Amino acid sequence: MKIAVFGATGGAGRQVVEQALAAGHQVSALARNPAKLALTNDNLTIVAGNVLDAIEVEKTLQGADAVVVSLGNTDSNPDDVVSQGTQIIISAMQRLGRPQRIVIVSSLGVGESKDQVPFAFKLLMKSVLKKPMQDKERQEALLKASDLDWTIVRPGGLTNGPATGRYRAGLDPKISAGQVSRADVAAFVLKQLTDLTYLHRAPAIT
């Protein structure tokens, strides 16, 4: 399949790109700085641009069968880049009429998963992480209000470890936020593109 990836130069996004290519998929990745991706593959198309530019977003979506969004907040973007960028992606998908499948990487602690994170993280959510978490709240709300075939993946604490396949994922509210590698999150995300078990749901992974 052809997968459009937004947030491809971030930790989880890059893992999605690498694993998708390794599995033989075609990937169209939007990157403000293509050099940061530093990948060469015949099945990889890099679109130079910003997720806040609707034209560049549409270029990335051309011919795609599914979409992965792994956006993060950066100093060089507005505080609401995650929700604003996601809205632009949703609108572009609706204008084009395809693809319909979209999986986003959010975070445990967002939405109804607030009680699945430790007390210390709850304090951070009210202080240094307040704006990024509010941005993710808006992002999730936008996706849930859309008519797309969405899934929201909420990881716990992200690490740079290898893919192990040993993680816990699902809708059980007793799943508490622990560490999980970006590589394992990426593998789980890619699985969701063709597995509709969590269609219109928000599984945790940790």
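This is a short tour of the model, one selection at a time.

Before you start, note that this is a predicted model, in which local features need pLDDT of at least 70, side-chain atom pairs count only at pLDDT 80 or more, and totals for chains, interfaces and linings use all residues. Residues are numbered from 1 along each chain as its sequence is written, and side-chain values use heavy atoms, with hydrogens and water left out.

**The sheet**

Begin with the strands (E, at least two residues; helices are H or I, at least four; both are DSSP runs numbered from the N terminus). Eight of them make an open, mixed sheet, ordered E3-E2-E1-E4-E5-E6-E10-E8; two strands pair if DSSP finds at least two bridges between them. Select 44-48 and 169-170 next: these are E3 and E8, the edge strands, and each has a single partner, so one side of each lacks a neighbour in the sheet.

Now move to E1 (residues 2-6) and E4 (residues 66-69), which pair in the parallel sense over four bridges. Contact here means heavy atoms within 4.5 Å; axes are lines fitted to C-alpha atoms, for helices over the stretch in contact, and angles run from 0 to 180 degrees between N-to-C directions.

**H3 against H5**

To see the contact, show side chains including Val 81, Thr 86 and Ile 90 of H3, and Asp 135, Arg 138 and Leu 142 of H5.

**H1 against H6**

Next, select 11-22 and 182-192, helices H1 and H6, which pack at about 60° with axes 8 Å apart. The two are therefore oblique to each other. Among the residues that meet are Gly 11, Val 16 and Ala 20 in H1, and Arg 182, Ala 186 and Leu 190 in H6.

**A ring pair on H6**

Finish with Tyr 167 and Phe 188, whose ring centres are 5.9 Å apart and whose planes stand at 80°, so the pair is edge-to-face (rings of Phe, Tyr and Trp, its six-membered ring, pair with centres within 6.5 Å; planes under 30 degrees apart are stacked, over 60 edge-to-face and the rest tilted). Tyr 167 is in the loop between E7 (157-159) and E8, and Phe 188 is in H6, so the pair ties together parts 21 residues apart in sequence.

How values were computed. Parallel < 35°, antiparallel > 145°, perpendicular 65-115°, else oblique.
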